[in-house]
Amino acid sequence: MACAVAPWDALRAQGSTAAGRATADSGARSAADGAGSRAVGDGTGPIDAVGLSGRPISLARVDVDELGANLRGQLILPEDAPYDDARRLWNGAFDRHPALIARCVGAADVIEAVNFARAAGVLTAVRGGGHSVSGQSVCDGGLVIDLSPMRGIRVDPARLTAQAQPGVRLGELDRECQAFKLATTLGTASDTGIAGLTLGGGMGRLARKFGYTCDNLLAVDIVTADGKLLRADASENPDLYWAVRGGGGNFGVVTQFEYRLHQFGPEVMAGTILFPFSDARRVVKAAMELNASAPDDLYLNPIFSRFPDGRYLGLEVCYYGPPAEGRRLLAPLKKAGKVVADDVDIRTYLEIQSSYDPVVPSRVAYYFKSGFLRKVTPAMVDEIVAAYEHAPPSLLGVPLIHLGGAAGRVKPDATAFWNRDAEHDLSVWASWEDASQNEKIIGEVRAFWSKLEHLTKGYYINTDTPDDERRLRETYGGNYERLVRIKTKYDPTNLFRLNANIKPRA
């Protein structure tokens, strides 16, 4: 996900047979292999669940027991001790109770779980790293295919590639790559799972320099709805390879990703320049003028933020070229308003990639809305500032995430990710701890977003959920019908529907 809070230190105190035929994962063996109990509880009767249609169904205990016996990992039911922890997400706004959780440790387990889900017609969610801003990696009454134990990573510095399993989080992959002074575009919070990030496109601090995460995806191993393990790359199942690069989790369960790596790091010039909110109009307009012609080495995000002592405008800065040139580029911005704080300095890339962690902790409730901006005009800046002047206290951040660069030069139909001409992503978000406030605060964010949505077209599926068919079609644009054809081919019953869902043809 692309977070909307700046790391200001000064203010922080404020089917069973198919499984036997499965090809083994080529990644390193998960640390969880053989560590989990396969117990499925002591009950003997059928298990109440929810079907794909949303209606109640019953799962035969003998079938559930067979699934548990065939997993090398662990099948978790509500009566089992690990259940409460296993169903929780990073986003504490969601408190859902699945009927069963298949905790997988390899592709064979994934095949077993997918075959069971298809045969039972049970509502199915897929969980990778568990960040899940939209909450769709867990469901009430359904099956969760939990990939979190699958965390193998292999970096090949000679070939400039990395293989990673779907339970890996971006901080873990960053660390392995940086050991060889290599990197690929990942997100902006280190506990984000790479699976959802990659399948949704993958924005991040390196996107302007190296393209989105999906632009650096070389291949996947994927279990499709029929329980087959396929490889998808430029030459093998190329239609599926095209679709998973931005089409989300619509097409199957990825058991391994292969990425292109780039020489990068370990040090960059990065940090935040903070201004009083009263200077927001001038500073943001100056930042937009710079961004319109910025080199690919510059990533510059204006962020409207609320702290205990008031509202501020921050500029999150990452510059990957010579520091002297970076300081020259930033100099006019510092004259556009009164600088309250400036911690831009030489830091390690790993430090920057984990800088949001303290301000976006796990299990706190979050709610996001977002949309793409083609070009940010001075009039749009005035409108955004005026809206934020009357924003409710629950709204903590409104960033204008810097896009374009290398990612913007990829043709819209080269991958499923359509919105290549977007220069910024406008996001609004809130976080809170009291679950009784969920409905109230979500309503406030939606009301605020309704004032700005008309400025946008399409949205980033990793930081929003579809409100209607119109927004989804805007998101996939000219790629939508091609995605429908591929969805119909690989998932005709829409087994994988808990996502920015592309419905197959009837």
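Is Cys-139 buried or exposed? Cys-139 is buried, with a relative accessible area of 4%; buried means under 20% relative accessible area, exposed over 50%, and partly exposed in between, using a 1.4 Å probe and protein chains only.

Let me state the ground rules. This is a predicted model, in which local features need pLDDT of at least 70 and side-chain atom pairs count only at pLDDT 80 or more, while totals for chains, interfaces and linings use all residues. Residues are numbered from 1 along each chain as its sequence is written, and side-chain values use heavy atoms, with hydrogens and water left out.

I stay with the cysteines for a moment. A disulfide is a covalent bond between the sulfur atoms of two cysteines. The rule applied here asks for a pair of cysteine sulfur atoms within 2.5 Å, and by this rule the count comes to zero disulfides. For Cys-104, the closest cysteine sulfur is that of Cys-139, and because the two are 14 Å apart, they are too far for a bond. Cys-104 is also buried, at 0% relative accessibility.

I turn next to a pair of helices. Helices (H or I, at least four residues) and strands (E, at least two) are DSSP runs, numbered from the N terminus. The axes of helix α2, residues 61–70, and helix α4, residues 107–120, come within 10 Å and cross at roughly 170°. α2 is therefore roughly antiparallel to α4. Here, axes are lines fitted to C-alpha atoms, for helices over the stretch in contact, and angles run from 0 to 180 degrees between N-to-C directions; under 35 degrees counts as roughly parallel, over 145 as roughly antiparallel, 65 to 115 as roughly perpendicular, and the rest as oblique. On the α2 side, Asp-63, Val-64, Leu-67 and Asn-70 meet Asp-109, Glu-112, Ala-113 and Phe-116 of α4, where contact means heavy atoms within 4.5 Å.

Now to the sheet. Five strands form an open sheet in the order β7-β8-β12-β10-β11, with antiparallel pairing; two strands pair if DSSP finds at least two bridges between them. Which strands stand at the edges? They are β7 (153–156) and β11 (229–233), each with a single partner strand, so one side of each has no neighbour in the sheet. The twist averages 15° from one strand to the next. Strand β10, residues 217–223, pairs with β11 over five bridges in the antiparallel sense, and Asp-221 stands opposite Arg-231 in β11. Helix α5, residues 170–178, packs on this sheet and touches β7, β8 (161–164) and β12 (253–260), its direction making about 30° with that of β7.

Finally, some backbone details in the loops. Most residues other than glycine have a negative phi, and most peptide bonds are trans. Ser-132, by contrast, has a positive phi near 45°; Ser-132 lies in the loop between β5 and β6 and is buried at 16% relative accessibility. Leu-160 has a positive phi near 55°, sits in the loop between β7 and β8, and counts as partly exposed at 29%. A cis peptide bond joins Gly-265 and Pro-266, with omega of about 5°. Pro-266 belongs to the loop between β13 (262–263) and β14 (267–276).
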